[in-house]
Amino acid sequence: MQKNRQLKLIWDFRGPDAEPIAKHHEIHLKEYFQIESKEHFGIGIETLSEMHSIAYVIVLETEMKTVRDALKPHRGVVHAVKD
(Lines give C-alpha, C1' and ligand atoms only; values in the text may rest on other atoms or scores of the structure.)
Protein backbone atom coordinates (compact mmCIF):
# COMPACT_ATOMS: atom_id res chain seq x y z
CA MET A 1 0.00 0.00 0.00
CA GLN A 2 1.45 3.33 -1.04
CA LYS A 3 0.99 5.86 1.74
CA ASN A 4 -0.02 8.85 -0.35
CA ARG A 5 -2.22 7.18 -2.94
CA GLN A 6 -5.56 8.87 -3.56
CA LEU A 7 -8.67 6.84 -4.28
CA LYS A 8 -11.82 8.01 -6.03
CA LEU A 9 -14.86 6.46 -4.34
CA ILE A 10 -17.82 6.33 -6.71
CA TRP A 11 -21.59 6.04 -6.44
CA ASP A 12 -23.32 5.13 -9.72
CA PHE A 13 -26.80 6.38 -10.58
CA ARG A 14 -28.65 5.15 -13.65
CA GLY A 15 -31.89 6.05 -15.36
CA PRO A 16 -33.58 9.25 -16.53
CA ASP A 17 -33.10 10.92 -13.11
CA ALA A 18 -29.45 9.89 -12.70
CA GLU A 19 -28.00 13.40 -12.87
CA PRO A 20 -30.31 15.08 -10.31
CA ILE A 21 -29.87 12.11 -7.95
CA ALA A 22 -26.07 12.37 -8.27
CA LYS A 23 -26.27 16.12 -7.54
CA HIS A 24 -28.35 15.41 -4.45
CA HIS A 25 -25.90 12.73 -3.29
CA GLU A 26 -23.04 15.24 -3.74
CA ILE A 27 -24.74 17.48 -1.14
CA HIS A 28 -24.78 14.63 1.37
CA LEU A 29 -21.12 13.81 0.69
CA LYS A 30 -20.14 17.42 1.39
CA GLU A 31 -22.20 17.40 4.59
CA TYR A 32 -20.56 14.18 5.80
CA PHE A 33 -17.03 15.47 5.27
CA GLN A 34 -17.85 18.77 6.97
CA ILE A 35 -19.55 17.14 9.97
CA GLU A 36 -16.83 14.51 10.40
CA SER A 37 -14.01 17.04 9.74
CA LYS A 38 -12.43 14.57 7.32
CA GLU A 39 -10.00 15.57 4.60
CA HIS A 40 -10.87 15.04 0.96
CA PHE A 41 -9.34 16.08 -2.34
CA GLY A 42 -12.51 16.65 -4.31
CA ILE A 43 -16.21 15.96 -4.24
CA GLY A 44 -18.31 16.19 -7.37
CA ILE A 45 -20.44 14.61 -10.03
CA GLU A 46 -19.86 13.48 -13.59
CA THR A 47 -22.51 12.82 -16.19
CA LEU A 48 -21.28 9.86 -18.21
CA SER A 49 -24.35 9.58 -20.43
CA GLU A 50 -27.98 10.64 -20.49
CA MET A 51 -28.77 7.63 -18.32
CA HIS A 52 -25.65 7.33 -16.12
CA SER A 53 -24.18 9.83 -13.66
CA ILE A 54 -21.81 9.40 -10.76
CA ALA A 55 -21.13 11.18 -7.50
CA TYR A 56 -17.59 10.84 -6.16
CA VAL A 57 -15.18 11.78 -3.42
CA ILE A 58 -11.39 11.58 -3.54
CA VAL A 59 -9.67 10.49 -0.32
CA LEU A 60 -6.30 9.20 0.78
CA GLU A 61 -6.04 5.43 0.78
CA THR A 62 -5.42 5.52 4.53
CA GLU A 63 -8.95 6.98 5.01
CA MET A 64 -10.68 4.68 2.52
CA LYS A 65 -11.90 1.99 4.96
CA THR A 66 -13.49 4.50 7.32
CA VAL A 67 -15.26 6.33 4.50
CA ARG A 68 -16.20 3.10 2.71
CA ASP A 69 -17.76 1.59 5.82
CA ALA A 70 -19.72 4.77 6.61
CA LEU A 71 -20.89 5.71 3.10
CA LYS A 72 -20.87 2.43 1.14
CA PRO A 73 -19.66 3.53 -2.31
CA HIS A 74 -20.44 1.27 -5.24
CA ARG A 75 -16.83 1.14 -6.41
CA GLY A 76 -13.44 2.83 -6.24
CA VAL A 77 -10.48 3.51 -8.48
CA VAL A 78 -6.95 4.78 -7.94
CA HIS A 79 -7.00 8.50 -8.63
CA ALA A 80 -3.43 9.67 -8.14
CA VAL A 81 -0.21 9.17 -6.23
CA LYS A 82 1.13 12.26 -4.46
CA ASP A 83 4.83 12.67 -3.71
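Helices here are DSSP runs of H or I with at least four residues, strands are runs of E with at least two, and both are numbered from the N terminus. With that in place, Lys72 is in the loop between α2 and β4, the strand covering 75–81. This is a predicted model, so please hear every value in this talk as computed from it.

Let me stay with Lys72 for a moment. Its phi is positive, about 50 degrees, although Lys72 is not a glycine. Is Lys72 buried or exposed? Its relative accessibility is 58%, and the cut-off for exposed is over 50%, so Lys72 counts as exposed.

Ser37 sits in the loop between α1 and β2. Phi of Ser37 is near 50 degrees, again a positive value in a residue other than glycine. Ser37 counts as exposed because its relative accessibility is 65%.

As a general point, nonpolar side chains in soluble globular proteins tend to be buried together. In this model, the largest nonpolar core has 15 residues, and those touching the most other members are Leu9, Trp11, Phe13, Phe33, Val57 and Val59. Two or more residues each come from β1 (5–14), α1 (18–35), β3 (52–60) and α2 (64–71). Which element gives the largest share of this core? That is α1, with five residues.

Take Leu9 from that list. Setting aside neighbours within four places in sequence, Leu9 contacts Ala55, Tyr56, Val57 and Val59, then Met64 and Val67, and finally Pro73, Arg75 and Gly76. Val57 and Val59 are themselves on the list of core residues that touch the most other members.

Next, the helix pair. The axes of α1 and α2 come within 13 Å, and they cross at roughly 125 degrees. The crossing is right-handed. Which residues meet there? From α1 they are Leu29, Tyr32 and Phe33, and from α2 they are Thr66, Val67, Ala70 and Leu71. Sorted by class, the contact has six nonpolar residues, one polar and no charged ones.

Glu26 is in helix α1. The limit for buried is under 20% relative accessible area, and Glu26 is at 16%, so it is buried. What does Glu26 touch, apart from residues up to four places away in sequence? The answer is Ile43, Gly44, Ile45 and Ala55.

Last, the end of β2. Ser49 lies in this strand, residues 43–49. With 36% relative accessibility, Ser49 counts as partly exposed. Ser49 and Lys30 are 19 residues apart in sequence, and their C-alpha atoms are 24 Å apart in space. Glu50 is in the loop between β2 and β3. Glu50 is exposed, with a relative accessible area of 74%. From Glu50 to His25 there are 25 residues in sequence and 17 Å in space, C-alpha to C-alpha.

That is what I have; I can take questions.

How values were computed. Residues numbered from 1 in each chain as written. Predicted model: local features only at pLDDT ≥ 70, side-chain atom pairs only at ≥ 80, totals over all residues. Heavy atoms only, no water. Buried < 20%, exposed > 50% of the residue type's maximum accessible area, 1.4 Å probe, protein only. Core = buried A, V, L, I, M, F, W, Y, C linked by side-chain atoms within 4.5 Å. Contact = heavy atoms within 4.5 Å. Axes fitted to C-alpha atoms, helices over the stretch in contact; angles between N-to-C directions. Left-handed = near helix turned anticlockwise from the far one by under 90°. Nonpolar A, V, L, I, M, F, W, Y, C, P; charged D, E, K, R; others polar.
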